[in-house]
Amino acid sequence: MARELTDLARRVAAGERAALARAITLVESRRPERRREGSDLVQALIERTGKAIRVGITGVPGVGKSTLIDALGMRLIEEGHRVAVLAIDPSSTRTGGAILGDKTRMTHLATADAAFIRPSPSAGSLGGVAARTREAMLLTEAAGFDVVIVETVGVGQSETAVAEMVDTFVALMLPGAGDELQGIKKGLLERADIIAVNKADGANVHAARRAAAELLSAVKILASETTPTILTLSAATGDRLDALWTAILAHRDGLAADGRLDARRREQGVTWMRDMVRDGLEDYLAAHAGAARAEAETAVREGRLAPSLAARSILDLLP
């Protein structure tokens, strides 16, 4: 590994925030040569990873994800934790950059020395999960952060994609969900380890409790192998944030007790590898078969070529 990368790895391991930000920028690069350097960097630090508590939080826009993470993160810091937040923003269609600006929405964490917030553009990734979030997570662990929270945009075809990279997956819901249960995706309820109904304060308390009861009935109907923990809380007032953290720890401890935590992480590693193979094939085709692919897409669009035959003609270009 080049001396520059060796020095960067040393600085990340020492917990230097500027070095961590630079390292994440490296793994997020769209340039293949920079991505390779990023992979080398992650490999150099791999032995320092794996000790953090990994939590994913998803939910529709407006449900209060950032408010929750800001309040929960500050409580964890008060308990002595170091908290990293990887907030996956929708990408700007013009620049490709993140557009929500999570640092402006997590006002307390943004100024805390024991916190690190990284807004990353989803760049069109399925479910709003940035393609390089897994590598960014390992880098924050290597830098000494012992709680890593991944926040998704909560929109797209599969917001549960974040469940493939965390230990505990939290789905945040709004009061009044009873009228909207028809629109809640079955996959989300099946994948959630914890379902938390937010904004359970003031006049919303009873509505939140009613929503929690209806969600419990819904997950029982799904007849999943495990039933998620369902609770109510208020991120704005801080009420029952301790209950949420207790549930997260209980879920993770349960996985660790019988070896499921290690098994889950090993399978997540295989999924990660497969995703990166697909990314690599896309990069290769873009660099070496761009014209042929464009011609095939035009032929399919115009109805002159069957999609299956078009795909085969492109794949035949691989060495």
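Partly exposed here means a relative accessible area between the buried limit, under 20%, and the exposed limit, over 50%. The model on screen is predicted.

**Whole chain**

Start with a cartoon of everything. The protein has 12 helices and 7 strands. Colour by accessibility next: 45% of the 319 residues count as buried. For contacts between residues at least 6 apart in sequence, 74% join residues at least 24 apart.

**Stop 1: Arg-191 and Glu-164**

Select these two side chains. They meet in a salt bridge, with an N to O distance of 3.0 Å. Arg-191 belongs to helix α7 (residues 186–191), while Glu-164 sits in the loop between β4 (147–151) and β5 (168–173), so the bridge ties together parts 27 residues apart in sequence. Glu-164 has a relative accessible area of 25% and is therefore partly exposed. Arg-191, at 35%, is partly exposed as well.

**Stop 2: Arg-293 and Glu-282**

Move on to helices α10 and α11. The side chains of Arg-293 and Glu-282 form a salt bridge at 3.0 Å, N to O. This pair links distant parts of the chain: Arg-293 is in helix α11 (residues 290–301) and Glu-282 in helix α10 (residues 260–288), 11 residues apart. Glu-282 has a relative accessible area of 44%, so this residue counts as partly exposed.

**Stop 3: Arg-11 and Glu-16**

Go to the pair Arg-11 and Glu-16, whose side chains meet in a salt bridge of 2.9 Å, N to O. Glu-16 is partly exposed, with a relative accessible area of 33%. How many salt bridges does the count come to? The total is 19.

**Stop 4: helices α2 and α6**

Show α2 (residues 17–28) together with α6 (residues 133–142). Their axes come within 9 Å and cross at roughly 160°. Angles over 145 degrees count as roughly antiparallel, so α2 is roughly antiparallel to α6. The crossing of α2 and α6 is right-handed.

Which residues make the contact between α2 and α6? Display the side chains on both helices:

- From α2, select Leu-20, Ala-23, Ile-24 and Val-27.
- From α6, select Glu-135, Ala-136, Leu-139 and Thr-140, which the α2 residues meet.

By class, the residues of this contact divide into 6 nonpolar, 1 polar and 1 charged.

**Stop 5**

Most residues other than glycine have a negative phi.

Take Lys-199, in the loop between β6 (194–197) and α8 (205–222). The phi of Lys-199 is near 65°, a positive value in a residue other than glycine. Lys-199 has a relative accessibility of 32%, so it counts as partly exposed.

Then take Arg-240, in the loop between β7 (229–232) and α9 (241–257). Its phi is near 70°, again a positive value in a residue other than glycine. Arg-240 is partly exposed, at a relative accessible area of 39%.

Note on methods. Residues numbered from 1 in each chain as written. Predicted model: local features only at pLDDT ≥ 70, side-chain atom pairs only at ≥ 80, totals over all residues. Heavy atoms only, no water. Salt bridge = Lys/Arg side-chain N within 4 Å of Asp/Glu carboxyl O. Buried < 20%, exposed > 50% of the residue type's maximum accessible area, 1.4 Å probe, protein only. Helix = DSSP H or I, 4+ residues; strand = E, 2+ residues; numbered from the N terminus. Axes fitted to C-alpha atoms, helices over the stretch in contact; angles between N-to-C directions. Parallel < 35°, antiparallel > 145°, perpendicular 65-115°, else oblique. Left-handed = near helix turned anticlockwise from the far one by under 90°. Contact = heavy atoms within 4.5 Å. Nonpolar A, V, L, I, M, F, W, Y, C, P; charged D, E, K, R; others polar.
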